[in-house]
Amino acid sequence: MRMTYRCFVLPLAVLGLAGCARNPVTGAREFVMMTEAQEIALGRESDEQVRNQLGLYDDEELQQYVSEIGLQMAARSHRPDLPWSFAVVDSPAVNAFAIPGGYIYLTRGIMAFLGDEADLAGVLGHEIGHVTARHSVQAYTRASGAQLGLAVGSIFSPAARAVGGAAQSGLGVLLLRYGRDAELQADRLGAQYAGETGWDPNGVRDMLSTLSRLSEGGDSRGVPGWLSTHPAASDRVARVGPVIEELGTRLDFDELRVNRAGYFDRIDGLMFGDNPDQGIVRGRDFLHPVLRFALQFPEGWEVVNTPTQVVVQQPGEEVYMLLQLVTDPTTTDLERLADDTMREGGYRLDSGGNTRIGDLDAFVGTFTGAQTDAGEPRARVAYIDYDGTIYVVGGLTGAESYDQVESEFNTSIRSFRSLSPAEAEDIRPNRLRFYTVRDGETWQSIAQNASESIIPPNTLAIMNGVPVNEQPRPGDRIKIAVEG
Ligand SMILES: [Zn+2]
């Protein structure tokens, strides 16, 4: 375990070659620092990180389904010979992203917001477009002067928060912005690949409309600032229209697949929100029913859970808390373990001592890290022994702001406690189910009653492809989420 100040950034791999290459989509010559072989190698390496750190969603049939559609579309793309790979990652965020070399990921979160198979093809096509037009390679090349890791773009910007956060922290990946033109080009390519492979390209427009509604009226908690520079989703909806019309002049849309019923069957029972096996975030509480512990973070801070660590940030500030396990502790002496592992991360112990947190043994200390251009980091860190498993909970910030947040760090650290079997038993995931709308029902009433208040009414409307000011019609089969 390492706690380095800017631990959220991976050092850039040194790339040996630079030169010109033809863009596979436009045919234009462009300066890239990466050969195709290097691109594939980078993708393969990054794919391993994504799989390890975000984890794949445990539903083999759904993985197969997404992969088959993706592979069919990729085979018709401008770069059919890449080692294409499509996977659904176990994240509740609404997002999709591509990394160089043809590795494409959808979150299980986005699956719940798509209305049919054509929407799914639209998302896959958009991400394929980022790869075929070498946007991710270009972004990587542009960024290579800075300290960046992978180039990961996100299609579903408004709700990218969770994955964006995870990407910047747990993944060690910086979420790179594609330019406005790159996004519009990916939308066009997405529509083209979908249509030419046999799916209704209107799916691109539909999923962009959903994106637009999410960014405008939906759940906008913690939308990161960089969204302000992202092309507006509503603009993208308008821009992709002519491309779809042009496709209509050479494709018979009636022959193209939409397959709403088939898509609904595939996502019936899909996990919605956090997966309790990885610990869940409920407000400011972090609960882990499998490892049987709970912890409370400061009010209003953003909590991002990844399979390897929990990263919490005071909104807009360079103030973080981290929670993780010490894998293979070298000693059972908590003070020595703390000193050793923190030293490895470049920190020296200023003060600290053995203590009890609840009924658990712990060592809590204050550490100072090596000076960086971001300043001198200071950390308050606890090593807690819970039945032989060592948890590390720490707060981290620059020395100048440390005093203002120390008490919040301490309160969180002190809130670490075990969960009783009954409490653990009580924590179940939410799942996607279907519901037929009855006479007189509104999103408000359905959200409250049928959906057990798991999803707010506006989000429920958006999830079902409807503007928030329009009510569902009696007899409609809609998506809801229920516990268990
Ligand atoms: Zn995109």
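The legends below describe several close-up views of one predicted model.

Residues are numbered from 1 along each chain as its sequence is written. Because the model is predicted, local features need pLDDT of at least 70 and side-chain atom pairs count only at pLDDT 80 or more, whereas totals for chains, interfaces and linings use all residues.

View 1. The chain has 15 helices and 21 strands, where helices (H or I, at least four residues) and strands (E, at least two) are DSSP runs, numbered from the N terminus. Of its 484 residues, 48% count as buried; a residue is buried if 20 or more other C-beta atoms lie within 10 Å of its own, exposed if 12 or fewer, and partly exposed in between, with C-beta atoms placed from the backbone. Among contacts between residues at least 6 apart in sequence, 68% join residues at least 24 apart, two residues being in contact if their C-beta atoms, placed from the backbone, lie within 7 Å.

**View 2. Helix α1 and the residue that follows.** Helix α1, residues 36–53, has 18 residues and spans 25 Å from its first C-alpha to its last, close to the 26 Å expected, the expected span being 1.5 Å times one less than the number of residues. Its residues E39, L42, G43, S46, D47 and V50 are buried. They lie on the same side of α1, because they cover an arc of only 145 degrees around the axis, the arc being that of the directions from the helix axis to the C-beta atoms. On the other side of α1, A37, E48 and N52 are exposed. After α1 comes G55, with a positive phi near 85 degrees.

**View 3. Helix α2 and what covers its buried residues.** Helix α2, residues 60–75, has 16 residues and reaches 22 Å from its first C-alpha to its last, close to the 22 Å expected. Buried in α2 are Y65, V66, I69, G70, M73 and A74. Their arc around the axis is only 160 degrees, which puts them on the same side of α2. E60, E61, Q64, E68 and A75, on the other side of α2, are exposed. The cover over the buried residues of α2 includes β3 (85–89), β5 (103–107), α4 (117–132), α7 and α10 (260–267).

**View 4. The packing of α7 with α9.** Helices α7 (residues 180–197) and α9 (residues 233–248) pack at an angle of about 35 degrees, with their axes 9 Å apart; axes are lines fitted to C-alpha atoms, for helices over the stretch in contact, and angles run from 0 to 180 degrees between N-to-C directions. From α7, E183, L184, D187, R188, A191, Q192 and G195 meet R236, R239, V240, V243, I244 and L247 of α9.

**View 5. A294 in strand β11.** A294 is placed in strand β11 (residues 293–296) and is buried, with 21 other C-beta atoms within 10 Å. Although A294 and F416 are 122 residues apart along the chain, their C-alpha atoms are separated by 5.8 Å. Leaving aside neighbours within four places in sequence, A294 is in contact with D285, F286, L287, R417 and L419.

View 6. Most residues other than glycine have a negative phi. D387, in the loop between β17 (377–386) and β18 (389–398), has a positive phi near 50 degrees and is exposed, with 9 other C-beta atoms within 10 Å. S453, in the loop between α14 (443–448) and α15 (457–463), has a positive phi of about 60 degrees although it is not a glycine, and S453 is exposed, with 10 other C-beta atoms within 10 Å.
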